[in-house]
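Please find below a short note for a colleague who is meeting this structure for the first time.

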Amino acid sequence: MKTDKSDILTCLRNSEDYVSGQQLCDRLGVSRTAVWKVINQLKEEGYRIESVPSRGYRLVESPADMYSESEIVSRLHTKWAGKRLVFFESTGSTNPDAKRLAEEGAPHGTTVVADRQTAGKGRRGRSWESPAGRAIYFTIVVRPAFIPDKASMVTLVMALSVAEAIQKVTGLSTGIKWPNDIVVNGKKVVGILTEMSMTPEMNEIQFLVAGVGVNVNQESGEEFSEELRKTATSLKIESGRQLDRAELLAEILAQFEENYGTFERMVNLSGLRERYESRLAGRNAVVRVLDPAGEYTGISRGITETGELIVEKETGETVLVYAGEVSVRGLYGYV
Ligand code: ATP
């Protein structure tokens, strides 16, 4: 039933004109009654659908920020990213869900989306605040042919994709705090956590999962916990506009599909590096590198083709910073 609903919604959304009941039946191979039932369900959910005898149905308006499997699927315009989509109202964290599906053989591009996470994860065992009804939480499974050494670049590919999609949909100027955070006006709106599973011989990647959390419609800083208020923000706070999460998610997946394709051709960031660097927060400024082996400062100059941050120390020595255990800060604050 769910598939019928997504399919019918997709047909209605993609058609400028009326779609006749017969056309829907033929295209989806279902009965008139089935179409009629789904249309009624959609109306009950708040979709405004006009039905005109002899012409058919037309989608006039969707409910504001409708966030469901059918709504997201009807907005996708990708070939593989999100083509298999699993939606949960609530889950612990979408990364373990995606890993479980991948273990069971889920194809490249499978995406798990949740409206709420009860145990959202950040890097190094940290947590990600994940309230319901406000944000995007999703994890995509990728099955690369490249070697495990290259995996960390996928985080940068995702960061660039999310930053570009947000800017396209909201017009906000987005920066990337290397390697994996997206900032708007100096505050964090997105976190990304990539995890890898290797074959038992540890020489090949079985799959990767890239998990993304985006603060979208939080109304004010009050909605974040006390400790995050100084560093976190949402797209609504920054743009003053309520956003459709399904539309933004579809754009993120489209951008990721395209950028991942560019990355995969060379298995390096040569085709994306300039765009990534143009968004790099703190570029040509002094940054603090919080390396567990010892903190230091230097000038951030950009990234290498394999995704390391290039930092020029005061001594003149150039260091390549590998992601993983390291966080980067501005000299006087978060960015
Ligand atoms: P950083 O460099 O910001 O310390 P990180 O890349 O090491 O971050 P992430 O895994 O991206 O860490 O995110 C986890 C951290 O992000 C948490 O420790 C917390 O400080 C912060 N955080 C948690 N939830 C949110 C949220 N919803 N919005 C913004 N920041 C959050």
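The points below take up these topics in turn.

1. This is a predicted model, in which local features need pLDDT of at least 70 and side-chain atom pairs count only at pLDDT 80 or more, while totals for chains, interfaces and linings use all residues. Residues are numbered from 1 along each chain as its sequence is written, and side-chain values use heavy atoms, with hydrogens and water left out.

2. Polar contacts are pairs of N or O atoms within 3.5 Å. An oxygen atom of the ligand lies 2.5 Å from a side-chain N or O atom of Tyr 334, and an oxygen atom of the ligand is 2.8 Å from one in the side chain of Arg 329. At Glu 129, a polar backbone atom is 2.9 Å from a nitrogen atom of the ligand.

3. No disulfides, meaning pairs of cysteine sulfur atoms within 2.5 Å, are found in the whole structure. For Cys 11, the nearest cysteine sulfur is that of Cys 25, 11 Å away. Cys 11 is buried (under 20% relative accessible area, with a 1.4 Å probe and protein chains only), at 10%. Cys 25 is also buried, at 6%.

Note on methods: Polar contact = N/O pair within 3.5 Å; in protein donor to acceptor, adjacent residues only side chain to side chain. Buried < 20%, exposed > 50% of the residue type's maximum accessible area, 1.4 Å probe, protein only.
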